[in-house]
Amino acid sequence: MSKKKKEIKDKPLDMKHLDIALKCSQIYKIINEANLDLSKLRDECDHPKTYIGDYQTHYGHIIENATICFVCNELLNTVSKTPLSLYTNEYTFKI
Ligand SMILES: [Zn+2]
């Protein structure tokens, strides 16, 4: 690490940025707890009703024609637009 970067890292934070760091930490904790709760609910769900739609896994990454649970919005599987001859898995279409 260069000397300049080390000096920046060792620079003490002012109250404004200590407050921002604390609030960010609290928000990340809430997000982690919400994700855990969501995961538990999705494990409980039997996915009794589904729909086909586009599913965004993270910003800018969309899975088209995904099977999604209507109740818990879990991504269940995908059907790609790949040509039929390239399918080798459970999503193979029968003609
Ligand atoms: Zn579900």
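1. Two strands pair if DSSP finds at least two bridges between them. Strands here are DSSP E runs of at least two residues, and helices are H or I runs of at least four, numbered from the N terminus. On those terms, Tyr51 stands opposite Ile68 in S2. Two further bridge partners found in S2 are Ile63 for Tyr55 and Ile62 for Gln56.

2. This is a predicted model: local features need pLDDT of at least 70, side-chain atom pairs count only at pLDDT 80 or more, and totals for chains, interfaces and linings use all residues. Residues are numbered from 1 along each chain as its sequence is written.

3. Confidence first. pLDDT is the predictor's confidence in each residue, from 0 to 100. The protein averages 82, and 74% of the residues score at least 70. Helix H1 (residues 3-10) has the lowest confidence, with a mean of 66. H2 has the highest, at 97. Over residues 82-95 pLDDT stays under 50. For that stretch the model has five contacts beyond four places in sequence. Two residues are in contact if their C-beta atoms, placed from the backbone, lie within 7 Å.

4. Overall layout. The protein has two helices and three strands. Along the sequence the pattern reads α-α-β-β-β. Among contacts between residues at least 6 apart in sequence, 21% join residues at least 24 apart.

5. Helix H2. It covers residues 15-44, which is 30 residues. The expected span of a helix is 1.5 Å times one less than its number of residues. For H2 that should give 44 Å, and the end C-alpha atoms are 44 Å apart, so the two agree.

6. Burial. A residue is buried if 20 or more other C-beta atoms lie within 10 Å of its own, exposed if 12 or fewer, and partly exposed in between; C-beta atoms are placed from the backbone. Buried residues make up 2% of the 95 residues in the protein. H2 is hardly covered, with a buried count of zero among its 30 residues.

7. Strands of a sheet pair through backbone hydrogen bonds, either parallel or antiparallel. Here three strands form an open sheet in the order S1-S2-S3, with antiparallel pairing. S1 and S3 are the edge strands, each pairing on one side only. The twist averages 50° from one strand to the next. Axes for that angle are lines fitted to C-alpha atoms, for helices over the stretch in contact, and angles run from 0 to 180 degrees between N-to-C directions.

8. S1 with S2. Seven bridges join S1 (residues 50-58) to S2 (residues 61-69). The two strands form a hairpin with two residues between them. Gly60 sits in the turn and has a positive phi of about 85°.

9. S2 with S3. Three bridges join S2 to S3 (residues 75-78), and the strands run antiparallel. Thr67 stands opposite Asn77 in S3. This hairpin has five residues between its strands.

10. Backbone points to check. Most residues other than glycine have a negative phi, and most peptide bonds are trans. Which phi does Asn65 have, positive or negative? Asn65 has a positive phi of about 55° although it is not a glycine. The residue lies in strand S2. Asn65 counts as partly exposed because it has 13 C-beta neighbours inside 10 Å. Asn73 also is not a glycine, and has a positive phi of about 60°. Asn73 lies in the loop between S2 and S3. With 13 C-beta neighbours inside 10 Å, Asn73 counts as partly exposed.

11. Cys69. This residue is placed in strand S2. Cys69 has 17 C-beta neighbours inside 10 Å, so it counts as partly exposed. Which residues does Cys69 contact, leaving aside its neighbours within four places in sequence? They are Cys45, His47, Thr50, Glu74 and Leu76. Thr50 is 19 residues from Cys69 along the chain, yet their C-alpha atoms are separated by 4.4 Å.
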